[in-house]
Amino acid sequence: MDIVTEIEREQILALLREGKRIDGRGFDDVRPIKIKLGHITKAEGSAEVWLGKSRVLAGVKIQVGKPFPDTPNEGVVITSSELFPIASPTFELGPPDEQSIELSRVVDRGIRHSSAINRTELCIKEGEHVYMVLLDLYILADHGNLIDAASIAGVCALKDTKLPKINIPESGEAELLEDTTPLKMGPPPLTLTFAKIGSSIIIDPNLAEEKVMDARLSIAIDGDDSIASMQKWGTSPFTRQEVIDCVERANKIVKKIRTQLP
Amino acid sequence: MSDKKAEAEQPLIDAKGLRTDGRKLDELRPIHLEVGYLSRADGSAYIEHGKNKIVAAVYGPRELHPRHLAQSDRALLRVTYRMATFSVSDRKRPAPSRREHEISMVLRQALEPLLFLKMYPRAAIDVFIMVLEADGGSRCASATVASLALADAGIPMRGLVAGCAAGKIDGKIAVDLNDIEDKIGEADIPLAMSPDRGEITLLQMDGKLTAAEFAQALSMAENGIHRIQEMQKTVLLEKYAQIRETIGDEPDVSPEDEVFEEEPAKEPAEEPEKPKKRAKRIKTEAKETKPKPTKKSTRSKTMEAQAKK
C-alpha cells in the first residue's frame, strides 16, 4: 500500500472543507481521458487508456468454446485484470491480492450485467459452440482510481473488437478465420467511483485522495442509464441519502464521459 | 487461428532473395526505443522491434522482501519476464508458463554481469518485463529494453546489453528472425551481448546448423547487436539532452566532465571494476560513434519515427 504523509492528509482535508481538491478539480470533475485504439495487432481488439496519469492497456482475445450449461444459447464475456508490478512500486508478484481481485470483479460485473453486448448473438450452435470474449486488463501506471480507468479501457477494447468468422468442420475443432465482422455493441456501461473523505464525496479520486479516503462507492451505469452493478469499499459507512445522491451524480457525469468515447 | 499447413509450404525467401517482410538476409526489422515510458517505475523503457512491443520497469536498489533472501555482500537481481494474454495469436493463459520462467532466468543472467551488485548489499533490484505483443525474438528485444530501463533508473552499469537473434531459413543464414521465420525456419540463435566489452551474456540455440553456419550466424547477430547498441545510446543521450534543455538557465553540469569525476570516491574499495570511469568512456564513445553511418536503414527509420513525435 502506498503511504501518505500526515501533512498531505491535512492539506487534502483542509481543502475539501473549502470545497476544493488537491489537484484543483471540482468534486464532480473527472480527470482528462485519452484513448488509443488498436495498438496491439495480435489482439482482436485493444485500447490503451489514460485517466489522468493512471494508465491501462486492455486487450480482447476471441475463442470458440462450450456455453455454460445454464445458458446454452449465450456467448461468454469474461473480464480479468492483473496488477503486474510495472504499474506501481507497491504491486508485488504472486497470487492476486484483495485489491487485484476486487478490481477484476468490479470491472467484470459492470460489463457482465450490462446489455451492451447481446450474448445470444454470440451463440454459434446452441449447447455446443459459442464465442468466448476474453477481456484482459493490464495496468501500466497506478495514479489512483484504477476501477474507472480499467472500465473505460475495457469498453473501448470491446468497441475495437473484430469478431473472426468461424469454420466448424464435421470432425475436429472449430477454427477462427481471417475474415472478421465488428463485435456488435450498444451504448457501453461505465463504472464511476466516488471517494468519501471525511464528509466530502468526490468523484475519480487520484492517488493521494485514494490513500486518505475512508470509503469508496463504485457505480456502473449501463448504456440505458440503469444501474448495472455497485461496490462499496472501506470501513466507513455511507448514509442512505449519500448513496442516492451518488447515483444521481453518476448519471449526470456518465453522459459527459460517453461523449469522449470512440 | 492461422493455417499451419499453408505456413509450412510458404517460402521464407523469395526469388529476389527477400524475406517474408521484404528484408534482406542481413537486415534488421525497424526498431523504436523510448526511455522513461512508465510514470511510476524508478526506470523504464519501451521497445518496438518489428511487431514486438515490450515494456520494462526497474525498481531499486530497494529494500528486499522477503528478507530471508537478502545476501549480506550483494544486491539480489530479480528479473521477471511475462507475456500479456493477448500478445500472441492464441490467447496465452494468465499464469506464468515454464517458458516464461526460463526466459526470466536467462535474462537475469544476461543482465547481471553488467551490474555492480556488491555496491548494494542486502538490497533488491527488480526488473519486470511485460511483452504486450510478441513477434519472434522477444527475449532478445527484452534484453535490449531491460538494459535501457536499468540505465534509465540511474543504476551504474559496466555497459549496456543488447539482444538480436540470427538463424537459418530456407537454407540461408539470416539475422533477426521474425515470428514465422522463428516458427518454421531451420534454426534460431537468440543472442545478447555487451558489445563494448565483447561479452556474450545470453546464448541459446535450437534447430540444426553446421559449425560454419553457426559461426556465420553468430557474427551476423553480433553485427545486429552493434547497430542496436548505437540506437540505445542515442535514445539515452537524447533523454538527457532534453532534461538539460528543460532545466534551462540553471548552471549546467555536463555529464562528461563533472558528474563522473566527483563520484569514484564513494565507491566501495573491494569493487574490482571502476564503474564511473567506464560509464564515462561509454558516453564519450557514443558521441564519437554517433555520426558513424550504419549499413542498413533501420537506424534512420527509427530516428525518423522519433522526429515525427
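Residues are numbered from 1 along each chain as its sequence is written, while chains are lettered from A and ligands numbered from 1 in the order in which they are written. Because the model is predicted, local features need pLDDT of at least 70 and side-chain atom pairs count only at pLDDT 80 or more, whereas totals for chains, interfaces and linings use all residues.

**Stop 1**

Select residues 6-17 of chain A, which form helix α1; helices (H or I, at least four residues) and strands (E, at least two) are DSSP runs, numbered from the N terminus. This helix of 12 residues reaches 17 Å from its first C-alpha to its last, close to the 16 Å expected at 1.5 Å a residue, the expected span being 1.5 Å times one less than the number of residues. A:G19, which follows α1(A), has a positive phi near 80 degrees.

**Stop 2**

Select residues 98-112 of chain A next, helix α2, whose 15 residues reach 20 Å from first C-alpha to last, close to the 21 Å expected. Its buried residues are A:S100, A:L103, A:S104, A:V106, A:V107, A:D108, A:G110 and A:I111, where buried means that 20 or more other C-beta atoms lie within 10 Å of the residue's own, exposed that 12 or fewer do, and partly exposed anything in between, with C-beta atoms placed from the backbone. These buried residues pack against β4, β6, α3 (146-159), β9 (190-197), β11 and β12 of chain A.

The crossing of α2(A) and α3(A) is right-handed, meaning that the near helix is turned clockwise from the far one by less than a right angle, anticlockwise being left-handed. A:L103, A:V106, A:V107, A:G110 and A:I111 of α2(A) make the contact with A:L146, A:I147, A:A150, A:S151 and A:G154 of α3(A), contact meaning that two C-beta atoms, placed from the backbone, lie within 7 Å. By class, this contact has seven nonpolar, three polar and no charged residues; Ala, Val, Leu, Ile, Met, Phe, Trp, Tyr, Cys and Pro count as nonpolar, Asp, Glu, Lys and Arg as charged, and the others, Gly among them, as polar.

**Stop 3: A:I139**

A:I139 lies in strand β6 of chain A and counts as buried because it has 25 C-beta neighbours inside 10 Å. Leaving aside neighbours within four places in sequence, show its contacts, which are A:V56, A:L83, A:A87 and A:L146.

**Stop 4: where the chains touch**

Display both chains: 28 residues of chain A are in contact with 24 residues of chain B. On the chain A side, the elements that give two or more residues are β3 (54-65), β4 (76-82) and β6 (129-141), and the residues of that side divide into 15 nonpolar, seven polar and six charged.

**Stop 5: helices α2 and α3 of chain B**

Chain B has eight helices and 10 strands, and buried residues make up 43% of its 309 residues. Select helix α2 (residues 98-111) and helix α3 (residues 138-152) of chain B, whose axes come within 10 Å and cross at roughly 50 degrees. α2(B) is therefore oblique to α3(B), and the crossing is right-handed.

**Stop 6**

Most residues other than glycine have a negative phi, and most peptide bonds are trans.

Finish with two residues that are not glycine but have a positive phi: A:D225, at about 75 degrees, and B:D176, at about 55 degrees. A:D225, in the loop between β11 (215-221) and β12 (227-233) of chain A, counts as exposed with 11 C-beta neighbours inside 10 Å. B:D176, in the loop between β7 (172-175) and α4 (179-184) of chain B, is buried, with 30 other C-beta atoms within 10 Å.

Definitions and conventions: Axes are lines fitted to C-alpha atoms, for helices over the stretch in contact, and angles run from 0 to 180 degrees between N-to-C directions. Angles under 35 degrees count as roughly parallel, over 145 as roughly antiparallel, 65 to 115 as roughly perpendicular and the rest as oblique.
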